[in-house]
Amino acid sequence: QVQLVESGGGLVQAGGSLRLSCVFSGSIFSLYAMSWDRQAPGKQRELVGSISSGGRTVYADSVKGRFTISRDNAKNTVYLEMSRLKPEDTDVYYCNTKENWGQGTQVTVSS
C-alpha cells in the first residue's frame, strides 16, 4: 500500500527555480526506484527522470542539465529540483514507482 504525496508546485517566472518533494509511505522506501513524470491537457505523459535505489539518475533530454533528482532515504523523500524553467515545463508533476502514483502537483511557468 505505497502512498505518495507531492508538494512544492506553484507559479514561477521563466528562468526561475522550484523544488518539488514527494513523501513515500507504506513500504521500504530505500528499495524502490522512483520516477517523476509530467502531463498536461493536450500533452502526452512524459518521463522527466528516475533515480534508482542506489542513487543513479537518468533524465529526459528536454530537462537534462536543468533538473536534478535526489533522494533522502532517512526522510522517505524524493526531490525534483528544477532550474532555468521554461513555459513548456508547465505541467502537473507526478511522483511514482511505476505501479503507484501520487496526486500530482501543478507547476506553472509564466513568460
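## Asp-89 and the salt bridges

Asp-89 is buried, with a relative accessible area of 0%; buried means under 20% relative accessible area, exposed over 50%, and partly exposed in between, with a 1.4 Å probe and protein chains only. The side chain of Asp-89 meets that of Arg-66 in a salt bridge, at 2.8 Å from N to O. A salt bridge is a side-chain nitrogen of Lys or Arg within 4 Å of a carboxyl oxygen of Asp or Glu. Arg-66 lies in the loop between strand S6 (57-59) and S7, and Asp-89 in the loop between S8 and S9, so the pair ties together parts that are 23 residues apart in sequence. Arg-66 is buried as well, with a relative accessible area of 7%. The model is predicted: local features need pLDDT of at least 70, side-chain atom pairs count only at pLDDT 80 or more, and totals for chains, interfaces and linings use all residues. Residues are numbered from 1 along each chain as its sequence is written, and side-chain values use heavy atoms, with hydrogens and water left out.

The structure holds 7 salt bridges. In one of them, Asp-91 is joined to Arg-38, the closest N and O atoms being 3.6 Å apart. Asp-91 lies in strand S9 and Arg-38 in strand S4, so this pair ties together parts that are 53 residues apart in sequence. Asp-91 is buried at a relative accessible area of 3%, and Arg-38 is buried at 5%. A network of salt bridges links Arg-38, Lys-43, Glu-46, Arg-66, Asp-89 and Asp-91. Arg-45 and Asp-37 also meet through their side chains in a salt bridge (3.6 Å, N to O). Here Arg-45 is exposed, with a relative accessible area of 52%, whereas Asp-37 counts as buried at 7%.

Strands, like helices, are DSSP runs numbered from the N terminus (helices: H or I, at least four residues; strands: E, at least two), and two strands pair if DSSP finds at least two bridges between them.

Met-34 stands opposite Ile-51 in S5.

## The disulfide

The structure holds 1 disulfide, a term that denotes a pair of cysteine sulfur atoms within 2.5 Å. Cys-22 and Cys-95 form this link, with their sulfur atoms 2.1 Å apart. Cys-22 lies in strand S3 (residues 18-25) and Cys-95 in strand S9, so the pair ties together parts that are 73 residues apart in sequence. The link of Cys-22 and Cys-95 is left-handed, with -75° about the S-S bond. Cys-22 is buried at a relative accessible area of 0%, and Cys-95 likewise counts as buried at 0%.

## The nonpolar core and Met-34

The largest nonpolar core has 24 residues, and those with the most contacts inside it are Met-34, Trp-36, Phe-67, Val-78, Leu-80, Met-82 and Tyr-93. Such a core is a set of buried Ala, Val, Leu, Ile, Met, Phe, Trp, Tyr and Cys residues joined through side-chain atoms within 4.5 Å. At least two residues of this core come from each of S3, S4 (34-39), S5 (46-51), S7 (67-72), S8 (77-82), S9 and S10. S3 gives the most, with 4 residues.

Contact means heavy atoms within 4.5 Å. Not counting residues up to four places away in sequence, Met-34 touches several residues, among them Leu-4, Phe-24, Ile-51, Val-78, Cys-95 and Thr-97.

## The loop between S9 and S10

Thr-97 lies in the loop between strand S9 (91-96) and strand S10 (105-110). Thr-97 is buried, with a relative accessible area of 13%. Leaving aside neighbours within four places in sequence, Thr-97 is in contact with Val-2, Leu-4, Phe-24, Tyr-32, Ala-33 and Met-34.

Gly-102 lies in the loop between S9 and S10 and is buried, with a relative accessible area of 11%. The C-alpha atoms of Gly-102 and Leu-4 are separated by 4.6 Å, although these residues are 98 residues apart along the chain. Residues up to four places away in sequence not being counted, Gly-102 touches Leu-4, Glu-6, Tyr-94 and Cys-95.
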